[in-house]
Amino acid sequence: MHDIKAIRDNPDAYDRAWASKGLAPQTPAILELDARLRAAQTALQNAQSRRNEASKLIGQAKARKDEAEAQRLMAEVEALKATLAEQGDIERETSEALRNILATLPNLPAADVPLGEDEHGNVEVRRWGEPFAITSPKDHVDLGEGLGLVDFEAAARMSGARFVVLKGQIARLERALGQFMLDLQTREHGYTEVSPPLLVNDAAAYGTDKLPKFADDLFQTTDGRWLIPTAEVPLTSMVMGQITPEEELPLRMTALTPCFRSEAGASGRDTRGMIRQHQFYKVELVSITAPDKSEEEHERMVSCAEAVLKALELPFRTMLLCTGDMGFGARKTYDLEVWLPSQGTYREISSCSNCGDFQARRMDARTKAAGEKGTRFVHSLNGSGLAVGRTLVAVMENYQDENGRIAIPQALHPYLPGMTHIEANA
């Protein structure tokens with residue numbers, strides 16, 4: 001959500017920022033609605049004030065037995081009631097229209113975000129590890145089906161496309177990855193583990209900028225709740241409507257949850273395999289900070305996500321996203337992209353975003369420093385630490401051998417005691 005006063009004070013800055021994300025000028029329509037809303041509010045205040053004044057004068061006129069004046073004033077009060085009703089309707093309708101426009105406009109990019117139209121404008125920040133030298137690498141689908149431990153056909157029979165059944169050692173490997181990530185973030189990086197609801201209401205989905213713009217990307221239940229697309233939604237909503245003492249910040253939370261996405265906008269993309277599924281596990285990282293601490297926290301969050309890939313010894317690169325490729329609610333985003341041998345390229349496995357006060361304004365999440373009277377909106381950040389399914393894909397492909405076996409990364413040995421490889425009939 002955006003501050004209408006800030007738009008009013010500097011509309012050109014907002015239009016320039018939105019233009020960098022491919023949008024036409026938005027402020028003329030916004031300011032027109034804003035002017036109409038303020039005019040209605042002024043008319044309401046004036047009419048209410050005059051009605052109160054006239055009501056008092058009626059009593060005075062009656063006291064001095066001036067019935068003609070009393071009748072005139074009563075007629076004026078009656079007319080003012082109609083004015084109040086009319087202007088009240090205008091205020092409600094205009095306020096709703098203005099709110100709807102502001103709710104569908106993306107966050108403004110930070111000053112150091114590179115300009116660009118799409119992923120081709122992203123900037124590589126750093127790279128870690130060398131791609132594995134694998135002759136004729138198989139993809140994770142062929143590997144998993146060759147081991148008899150990944151079954152897309154069974155999943156399709158019961159659920160349709162973009163689902164998978166994992167069995168045996170592959171299922172254990174997925175579970176181990178999630179536990180390893182959760183332990184790393186809580187034990188070494190200071191995140192507090194949370195087990196949140198997987199269903200949220202409209203307010204939580206709206207506050208984390210999933211509604212109204214992305215309703216088609218979500219699954220909704222028959223009673224109007226939403227299945228979470230990521231644990232970002234319930235974790236960030238922990239501070240919804242709250243005033244958090246500044247001395248308690250930053251709040252760092254993590255959760256391992258299933259995530260549910262309709263992938264409405266991904267028709268034809270990554271239809272093979274586990275890269276893009278309707279249901280998957282993810283370890284989410286969320287930080288709530290004071291406004292002047294979010295940039296520092298953002299860099300820290302990225303390093304926490306990178307630590308997972310380093311521990312698993314998976315080659316990756318860190319990308320700073322350009323204006324045209326950033327998500328709706330982000331003011332700055334880093335993507336981590338892991339090397340996939342079968343594709344001969346890097347693919348996204350984590351996205352870490354600083355949302356500034358964009359979500360906080362939508363959910364009225366504030367902070368207050370000790371000894372100060374006023375409050376400020378908090379800043380919220382979120383990132384994957386990591387997407388478990390995509391990490392499973394990366395481990396399977398990078399740790400394969402020529403016989404179709406999959407070696408277990410050293411960091412996972414404590415979670416899979418006695419296992420060094422995944423192989424058929426083991």
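**Figure 1. Secondary structure and overall extent of the predicted chain.** The predicted chain holds twelve helices and 17 strands; helices (H or I, at least four residues) and strands (E, at least two) are DSSP runs, numbered from the N terminus. Its radius of gyration is 28 Å, well over the 22 Å that the globule rule gives for 426 residues, so the chain is more spread out than a compact globule. This radius is taken over C-alpha atoms, and the globule rule is 2.2 Å times the number of residues to the power 0.38. Along the principal axes, the C-alpha atoms fill a box of roughly 105 × 45 × 40 Å. Residues are numbered from 1 along each chain as its sequence is written. Because this is a predicted model, local features need pLDDT of at least 70 and side-chain atom pairs count only at pLDDT 80 or more, while totals for chains, interfaces and linings use all residues; side-chain values use heavy atoms, with hydrogens and water left out.

**Figure 2. Packing of helices α3 and α4.** Helix α3 (residues 27-63) packs against helix α4 (residues 67-103) at an angle of about 160°, and their axes are 7 Å apart. That angle makes α3 roughly antiparallel to α4 (under 35 degrees counts as roughly parallel, over 145 as roughly antiparallel, 65 to 115 as roughly perpendicular and the rest as oblique). Axes are lines fitted to C-alpha atoms, for helices over the stretch in contact, with angles from 0 to 180 degrees between N-to-C directions. The crossing of α3 and α4 is left-handed, that is, the near helix is turned anticlockwise from the far one by less than a right angle. The contact of α3 with α4 has 22 nonpolar, eight polar and ten charged residues; Ala, Val, Leu, Ile, Met, Phe, Trp, Tyr, Cys and Pro count as nonpolar, Asp, Glu, Lys and Arg as charged, and the others, Gly among them, as polar.

**Figure 3. The second largest pocket.** This pocket has a volume of about 250 Å³. It is lined by 16 residues, of which Val164, Glu174, Gln277, Gln279 and Phe280 are the closest to its centre. At least two lining residues come from each of α6 (152-159), β3 (165-166), β9 (279-289) and α12 (388-398). On a 1 Å grid over the protein atoms alone, a pocket is an open set of points with protein on both sides within 12 Å along at least five of seven lines, a cavity is a set where a 1.4 Å probe fits but cannot get out, and lining residues have an atom within 4 Å of a point. Grid points are joined across faces, edges and corners, and a volume is the space filled by probe spheres set on the points.

**Figure 4. The largest cavity.** About 40 Å³ of space lies in the largest cavity. Its lining consists of Ile275, Val338, Leu340, Arg347, Glu348, Arg390 and Val393, divided into four nonpolar, no polar and three charged residues.

**Figure 5. Backbone features.** The peptide bond from leucine 211 to proline 212 is cis, with omega near 0°. Proline 212 is in the loop between α8 (202-207) and β6 (226-227). Aspartate 209, also placed in the loop between α8 and β6, has a positive phi of about 60° although it is not a glycine.
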